[in-house]
Amino acid sequence: TVIWTEDFGTGNAAPSSPDVINLGYSPFGGLEDGFYRITWNTQQRSEWHYSTNHTAADTYGNMLVINGDDVTFYTKTITKGTAGFSAGSYSASLFLMNTNTPGTCQPGALLPTISFQVDYNTEATGNENGWVSLQSVSANAVPQSATPTWIQLGAVFNLNTVAQRIRITLADLTNSGCGND
């Protein structure tokens, strides 16, 4: 059973997102270090791959495109009514890509390394100190590729108690600079 998905919508407009944090929002132009855009193609700089989002049948499907920086960049809290999330196994995953084409920033291109953290809280509201770490996974440094290449990152996590909230947090573990896109 799918309990939550994030697809950033569809269309040519470039909306911002309240779930993207610690990055600037740039609706147009070349995407600079530390900025993001929600758009339907990855080529937000001339040296980046052109690719539509991972969901092939999603015409003008948007995605989060980032010119990376060493920050936590996304956090989403998910709730599930008054019953909450039952104890059990759940999975969480995402798809990511290094948008740089081969040779960009050579030698020594910075390669993106993304971490994916899942936390839970047994209280429906408040108690922001009550978050418990459940699972954390990190991608290996994502290499440049000759063609746009999507990589899946995720894990199965076991919830041992009823949780009222689950929080997904994404962070970039590589500094800003040439590469890390």
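Residues are numbered from 1 along each chain as its sequence is written, and side-chain values use heavy atoms, with hydrogens and water left out. Because the model is predicted, local features need pLDDT of at least 70 and side-chain atom pairs count only at pLDDT 80 or more, while totals for chains, interfaces and linings use all residues.

Visitor: What is the order of the strands in the open sheet of three strands?
Guide: Strands are DSSP runs of E of at least two residues, numbered from the N terminus, and two strands pair if DSSP finds at least two bridges between them. Strand 1 and strand 2 pair in the parallel sense over two bridges, whereas strand 2 and strand 3 pair in the antiparallel sense over five bridges. Strand 1 and strand 3 stand at the edges, each with a single partner strand, so one side of each has no neighbour in the sheet. With this mixed pairing, the order is 1-2-3.

Visitor: Which residue of strand 3 is the bridge partner of Tyr-36?
Guide: Tyr-36 lies in strand 2 and stands opposite Tyr-25. Strand 3 is mostly covered, with four of its five residues buried; buried means under 20% relative accessible area, exposed over 50%, and partly exposed in between (1.4 Å probe, protein chains only). In strand 3, the bridge partner of Tyr-36 is Ile-66.

Visitor: How many residues apart in sequence are the parts that the pair of Tyr-25 and Tyr-36 ties together?
Guide: Rings of Phe, Tyr and Trp (its six-membered ring) pair if their centres lie within 6.5 Å; planes under 30 degrees apart count as stacked, over 60 as edge-to-face and the rest as tilted. The structure holds six aromatic pairs, and the one formed by Tyr-25 and Tyr-36 is tilted, at 5.4 Å centre to centre and 55° between the planes. Tyr-25 lies in strand 1 (residues 24-25) and Tyr-36 in strand 2, so the parts tied together are 11 residues apart.

Visitor: Is Tyr-50 buried or partly exposed?
Guide: Tyr-50 forms an edge-to-face pair with Trp-40, at 6.2 Å centre to centre and 80° between the planes. Trp-40, Tyr-50 and Tyr-60 form one aromatic cluster. With a relative accessible area of 46%, Tyr-50 is partly exposed.

Visitor: Which residue has its backbone oxygen 2.9 Å from a polar atom of the side chain of Gln-44?
Guide: Gln-44 is in the loop between strand 2 (35-39) and strand 3 (63-67), and counts as buried because its relative accessibility is 12%. Contact means heavy atoms within 4.5 Å; not counting residues up to four places away in sequence, Gln-44 touches Gly-29, Gly-30, Leu-31, Arg-37, Thr-39 and Val-65. The backbone oxygen at 2.9 Å belongs to Asn-41.

Visitor: What is the torsion about the S-S bond of Cys-105 and Cys-178?
Guide: A disulfide is a pair of cysteine sulfur atoms within 2.5 Å, and a search of the whole structure finds one, joining Cys-105 to Cys-178 (S to S 1.7 Å). Cys-105 lies in the loop between strand 5 (88-96) and strand 6 (114-121) and Cys-178 in the segment after strand 9 (165-172), so the pair ties together parts 73 residues apart in sequence. Cys-105 is buried, with a relative accessible area of 17%, whereas Cys-178 is partly exposed at 48%. The disulfide is left-handed because the torsion is about -80°.

Definitions and conventions:
Polar contact = N/O pair within 3.5 Å; in protein donor to acceptor, adjacent residues only side chain to side chain.
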